[in-house]
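Hello,

Here is the structure I promised to pass on to you. Please open it next to this message, and my notes on what turned up follow below.

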Amino acid sequence: MMNLTKQIREQAKKLLEEKKVDLVIGFGQGTELARTTPVFIDSPEGVSALTWGPFCANNLAKYLVDYKNAPGNVAIVVKGCDSRSVIRLLDDNQISRDKIVVIGVPCAGQLEWQKVADEVKPDATLKETVDNGDSFVVKTSTGDHTFNKKDYMLHRCLVCENPNPVIADFTIGEELPVKNYAERFAEVEELEQLGLEEKSAYWDKQFSRCLRCYACRNVCSVCTCELCVFDQMKPMWVSKRTNLSENTVFHITRAFHVAGRCVDCGECDRVCPMDIPIRKLNQKIHKDLKDLFDSPTPGSKEGLLSALGEFSLGDPEEFM
Amino acid sequence: MKAKIVNKGQLSGLLDKLAKDYDLVAPVKEETITLFKKISSAQDAFLDYTNSDVSPKGCFLPQSEKIFSYTYTGDSLEIVKPESAKKTVLFGARPCDIKAITTLDPVFEGEKFGDEFYSSKRENTVIIGLSCSKVLSTCFCYAFGGGPCDGTGSDLLFTEIGDKYYVEINTDKGQALVDANSQFFSSESTDQLAKDKEELAKKLAGEFVKKVDLTGVKELLDSDFELAYWDEDPYKKCIGCGTCTYVCPTCHCFDIFDFTTGDITGDRIRCWDSCMYPEYTLMAGGHNPRPTRKERIRNRFMHKLKYHLDRYNMVGCVGCGRCIRKCPVNIDITKIINDLKEVAQNA
């Protein structure tokens, strides 16, 4: 994937040199072998910090909101799933199209860094990563490792609707075929089979672990309220007290607030320090929206209205 | 130093006995997460872990804690205090997390601002540590004088060696627990295990990957509050969640508020707060002295590397590495320390 890294750097350099943008937001090598970290490049000399590979899990699109009122334009490196966020941010009027330059990179999947770290020597350094179709080869200073995608990819990557960015001013590398390693709603369907009490017990167990760190909210590219209801002091709709009741209110409210806008990038799942399967809540909503309104995944096309922001006479309304 | 041996076959008997005599708090595994919880039998304990996802600081500073309940009846206000702390054993905590508790002690047990909720739990708890058997790529306890087999702060320290635990008795509290449960502690010679433990400590000390150099960092932070460094990368990538502060074993900020139901009955609650949150420093009049993530990030690292030292002569970090592992955007305190060292050198 060194070739793609080189092309991203060249593209970023060109944009900065030609003053098309003042800032490029992309992925840089992190402090762990199998991690990258967001980098903010503001000069052509800085582009060597950019990298690409199977450790670029972060969805960087949310950072665009930080720069919406800053002077100058911003370029951003996105994967397919992240590009859906860009479209949603545009549709939500959070950012303006003429201020951003989208560098899209077709994505062959992202590995779960901790699973990789468990198998690589702690003092190893990363040399190169190679995509071999159903696996990645991670070449390190202490040897090469092969990671099957099915077993080592982030859970969200097992089903990928858009390996190729759905919006891009520049596309780096070749487009990739859609390849799935699981059924999209298999886990939700499994949960749907449970009885009411079993479902409740399942989620009680998950929510009771919640630390209320709000990483899931903060990382979410469609959570863009300037003052979030959970930060509001007067009135205090939800208190800082952690218990099952307050935690449940938080999770259910969060899930429903992004209903119809959630782009299913899976970042909430990735960042949860307590491994709460937060994305499942939104996947249930995605499934219902698909079943009831045949809604495409939000952000997957430009100009889509959100399912809850659109009314059609043919909409089902069995509960009325 | 006094020491004993517990044969592995005896451990579950000991834990079951402790669970009967005390509230026993030990690491447990819930799906993929390791955390500390009260257990009722030895089989619930999960000891084959490297570092728990959440530290055991909640034993002394719970994430949410009732300070008192109140009822207003129209002409009088009735206050009910919670029950006093129960006799507790914290079993299986790692050396870094126990050292972290010693950094909380001066905050809550200082002469000026003693905190009865903390100190009653602290007094009533026996801490039994468990030496590490593995060093993670994110570990750096050595940088602050700790170590994978360091007994600082523990009443007893268990170190797993073959089919035995070598048990160091570090305090009178620890000795009393051993005396009261002597049937589980073998009185065979501990000389060989003492040597084995030293070997293990030496071996593990050589396995740290994170290189941390604090040279000049404190002096730099002392000299300049407005360092240009804080305008750089870290705050730009920070997403402002509270993960680092909530998984941190030394972070101890809290908020206090009343949780009232309609008829003026309720609880006064103390709960963890995070300096990463915008409302943390929000004043009643609307002014916020730390208005952006830049000031908040600066505060967090200043607290770890300067303020705690200024106040208590202890670094506010023990090198457990949780914040590195859990940060969604890979903000790494060891990188920040090393960056600051560079800044200091080039100044």
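One definition before anything else: a nonpolar core here is a set of buried Ala, Val, Leu, Ile, Met, Phe, Trp, Tyr and Cys residues joined through C-beta atoms within 7 Å. A residue is buried if 20 or more other C-beta atoms lie within 10 Å of its own, exposed if 12 or fewer, and partly exposed in between, with the C-beta atoms placed from the backbone. This is a predicted model, in which local features need pLDDT of at least 70 and side-chain atom pairs count only at pLDDT 80 or more, while totals for chains, interfaces and linings use all residues. Residues are numbered from 1 along each chain as its sequence is written, and chains are lettered from A and ligands numbered from 1 in the order in which they are written.

**The cores**

The largest nonpolar core has 100 residues, and those touching the most other members are A215(A), C216(A), C272(A), L24(B), L90(B), F91(B) and V167(B). Helix α2(B) gives the largest share of this core, five residues. (Helices, H or I with at least four residues, and strands, E with at least two, are DSSP runs numbered from the N terminus.) Another core, of 53 residues, lies apart from it and includes I8(A), V24(A), F55(A) and I103(A).

**Strand β9 of chain B**

Leaving out residues up to four places away in sequence, V167(B) touches A3(B), K4(B), I5(B), V6(B), L156(B), F158(B) and F185(B). Strand β9 (residues 164-169) of chain B has six of its six residues buried, so it is largely enclosed by the rest of the structure. Both of its faces are covered, with K164(B), Y166(B) and E168(B) buried on one side and Y165(B), V167(B) and I169(B) buried on the other.

Which strands pair with β9(B)? Strand β1 (residues 2-7) of chain B does, antiparallel and over six bridges, and there K2(B) has I169(B) as its bridge partner. Strand β8 (residues 156-161) of chain B also pairs with β9(B) in the antiparallel sense over six bridges, with E160(B) opposite Y165(B). (Two strands pair if DSSP finds at least two bridges between them.) β8(B) and β9(B) form a hairpin with two residues between them, and G162(B) in the turn has a positive phi of about 60°.

**Helix α2 of chain B**

(The expected span is 1.5 Å times one less than the number of residues.) Its buried residues are P95(B), C96(B), D97(B), I98(B), K99(B), A100(B), I101(B), T103(B) and L104(B). Among the elements covering them are β6 (88-93), β7 (125-130) and α9 (293-312) of chain B.

**Domains and contacts**

Domain bounds come from an automatic or database domain assignment, and two residues are in contact if their C-beta atoms, placed from the backbone, lie within 7 Å.

Chain B is divided into domain 1 (2-205) and domain 2 (217-346), with C-alpha centres 26 Å apart. Here 32 residues of domain 1 of chain B are in contact with 27 residues of domain 2 of chain B. On the domain 1 side, β4 (64-72) and α2 of chain B each supply at least two residues, and β4(B) gives the most, with nine.

Chain A has domain 1 (2-171) and domain 2 (186-309), and their C-alpha centres lie 25 Å apart. In chain A, 21 residues of domain 1 are in contact with 18 residues of domain 2. Helix α3 (residues 80-91) of chain A gives the most to the domain 1 side, with seven residues.

Between the chains, the contact takes 29 residues from chain A and 35 residues from chain B. β2 (36-41) and α8 (215-219) of chain A each supply at least two residues of the chain A side.

D264(A), in the loop between α9 (244-257) and α10 (267-271) of chain A, has a positive phi near 60° although it is not a glycine. N330(B), in the loop between α10 (322-326) and α11 (333-346) of chain B, is another non-glycine residue with a positive phi, about 60°. D264(A) is buried, with 22 other C-beta atoms within 10 Å, and N330(B) counts as buried with 21.

Best wishes
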